[in-house]
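Please look over the sequence and the model before reading on.

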Amino acid sequence: MQILVDADACPKAIKDILFRVSERLRITTTLVANHALQIPPSRYVKFLQVKSGFDVADNEIVKRLDVGDLVITSDIPLAYEVLSAGGHAINPRGELYTQDNINDRLNMRDFMDTLRSSGINTGGPAALSSRDIQSFANQLDKFLVKHH
């Protein structure tokens, strides 16, 4: 199992947790982004820079995904593709995407997109809180105990 990270929008606190986990458990973690990122020197942490463009990083993650791999992303369509390919996905707030909840998440995302395109200001997501970071760490730990 490997961990793939949709790193363009992944918060630093979440990446730091992933860096520690990959070292501790010796799990290869690859950050995929279209801009340069700082990563710690590690044989388990890798960085792949892709070209800028719509879904370029997402497509690269799906291309590298093996059944059972874990993807960290807040991108719901990417999470859907990951689940469809036999992978697992957790968002940076600690929500585990599952076959049971992904369609509801996609429908809500599409609904919010429709509202925004009609001129309604829906606001963005709240800033990542310490509670969110703890929730992510707990969900990641729970997942790795079960799957690693």
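**Helix 5 and its cover**

The buried residues of helix 5 are covered by elements including helix 1 (12-25), strand 4 (70-72), strand 5 (88-90) and strand 6 (96-97). Contact means heavy atoms within 4.5 Å; helices (H or I, at least four residues) and strands (E, at least two) are DSSP runs, numbered from the N terminus. The model is predicted: local features need pLDDT of at least 70 and side-chain atom pairs pLDDT 80 or more, while totals for chains, interfaces and linings use all residues. Residues are numbered from 1 along each chain as its sequence is written, and side-chain values use heavy atoms, without hydrogens and water.

Faces of helix 5
- Asp132, Phe136, Gln139, Leu140, Phe143 and Leu144 are buried in helix 5 (under 20% relative accessible area; exposed is over 50%, partly exposed in between; 1.4 Å probe, protein chains only).
- Seen down the axis of helix 5, the buried residues fall within an arc of 130°, so they line one face of the helix; the arc is that of the directions from the helix axis to the C-beta atoms.
- On the other side of helix 5, Ser130, Arg131, Lys142, Val145 and Lys146 are exposed.

Glu23
- Glu23 is in helix 1 and is partly exposed, at a relative accessible area of 38%.
- Not counting residues up to four places away in sequence, Glu23 touches Ser42, Arg43 and Tyr44.
- Between Glu23 and Ala7 there are 18 Å in space, C-alpha to C-alpha, and the two are 16 residues apart in sequence.
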